[in-house]
Amino acid sequence: GVAISTSRGLFYADAAVVTFPLSILQQGTVTFSPPLPDWKLQSIGRLGMGTLNKVILMFESVFWDEKIEWIGYTSELRGQWSTFVNLYPATGCPILVAFNHGSFAEALEAAVDSEVVEQAMAVLRQMYGADRVLSPTAHIITRWRSDPFSLGSYSHVPAGASGADYDV
């Protein structure tokens, strides 16, 4: 059997399937008894964790081409507002999802929502013209690096690691 100790108490079961984001395992706050073998800990340490955040914007109406699903933008700095996904074809709702990654996504996590939305809107106004782009009626912003239960968005294989490290 297994015993799991949490902030909500001790739980017992015949077996447990345990999944954690890579960054949580790398942080070392989760302990296993018996401990994970060294070769597994080394693989965990070699892998990287990245950040990809979304800014979901809902509008009163569509001001972009409603048939195009992926909208690309080439910013001056890599990772800044480079991709918007049009959810209108799938949902019938005027929603754009902006993706930001890497250090820019991490820096955005410290900004208040209004600043993040305004940055996205500045890009959309540049792309479509200020007269066509109205302010969103609602928004959602992810902050995966700051989330204590994920500490990032995705794992990756950096230099010094290999795909075999995923297989452990």
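This is a guided tour of a predicted model, moving from one selection to the next.

**Before selecting anything**

Residue numbers start from 1 along each chain as its sequence is written, and side-chain values use heavy atoms, with hydrogens and water left out. Because the model is predicted, local features need pLDDT of at least 70 and side-chain atom pairs count only at pLDDT 80 or more, while totals for chains, interfaces and linings use all residues.

**Confidence along the chain**

Colour the protein chain by pLDDT, the predictor's confidence in each residue, from 0 to 100. The chain has a mean of 94, and 100% of its residues reach 70 or more. Confidence is lowest in strand β1 (residues 2-6), with a mean of 89, and highest in strand β8 (residues 138-141), at 98. Helices (H or I, at least four residues) and strands (E, at least two) are DSSP runs, numbered from the N terminus.

Select Asn 53, in strand β4 (residues 52-58). Its relative accessible area is 5%, and Asn 53 is therefore buried. The term buried means under 20% relative accessible area, exposed means over 50%, and partly exposed lies in between (1.4 Å probe, protein chains only). The side chain of Asn 53 reaches the backbone oxygen of Ala 105 at 3.5 Å.

Next select Thr 142, in the loop between β8 and β9. Thr 142 is also buried, at 15% relative accessible area. Its side chain and that of Asn 53 are joined by a polar contact of 3.1 Å. Such a contact is a pair of N or O atoms within 3.5 Å; within protein, one must be able to donate a hydrogen and the other to accept it, and residues adjacent in sequence count only if both atoms are side-chain atoms. The side chain of Thr 142 also reaches the backbone nitrogen of Lys 54, at 2.7 Å.

Now display the surroundings of Asn 53, taking contact as heavy atoms within 4.5 Å. Leaving aside neighbours within four places in sequence, the contacts of Asn 53 include Phe 99, Glu 109, Arg 143 and Trp 144.

**Salt bridges**

How many salt bridges does a search of the whole structure find? There are four, each being a side-chain nitrogen of Lys or Arg within 4 Å of a carboxyl oxygen of Asp or Glu.

Select Arg 46 and Asp 165, whose side chains meet in a salt bridge at 2.7 Å, N to O. This pair links distant parts of the chain, 119 residues apart: Arg 46 is in helix α2 (residues 38-46), and Asp 165 is in the segment after β9 (154-156). Arg 46 is partly exposed at 33% relative accessibility, whereas Asp 165 is buried at 5%.

Move to Asp 113 and Arg 143, where the closest N and O atoms of the salt bridge are 2.9 Å apart. Asp 113 lies in helix α5 (residues 113-128) and Arg 143 in the loop between β8 and β9, so the pair ties together parts that are 30 residues apart in sequence. Asp 113 is partly exposed at 32% relative accessibility, and Arg 143 is partly exposed at 24%.

Another salt bridge joins Glu 118 and Arg 125, with the closest N and O atoms 3.2 Å apart. Glu 118 is partly exposed at 42% relative accessibility, as is Arg 125 at 21%.

**Phe 20 and a nonpolar patch**

Show the surface and select Val 18, Phe 20 and Phe 32, a nonpolar patch with about 240 Å² of accessible area together. Accessible areas come from the Shrake-Rupley method with a 1.4 Å probe; for residues, only the protein chains shown count as cover. Patches are made of residues with over 30% relative accessible area and no salt bridge, with like charges joined within 9 Å and nonpolar side chains (Val, Leu, Ile, Met, Phe, Trp, Tyr) within 5 Å.

Centre on Phe 20, in the loop between β2 (9-13) and α1 (22-27). Phe 20 is partly exposed, at 37% relative accessible area. The C-alpha atoms of Phe 20 and Phe 149 are separated by 8.5 Å, although the two residues are 129 apart along the chain.

**Backbone geometry**

Most residues other than glycine have a negative phi, and most peptide bonds are trans. Select Ser 33 and Pro 34: the peptide bond between them is cis, with omega near 5°. Then select Trp 81, where phi is positive, near 55°. Trp 81 is in the loop between β5 (70-72) and β6 (83-86) and is buried at 3% relative accessibility. Finish at Leu 151, where phi is also positive, near 55°. Leu 151 lies in the loop between β8 and β9 and is buried at 19% relative accessibility.
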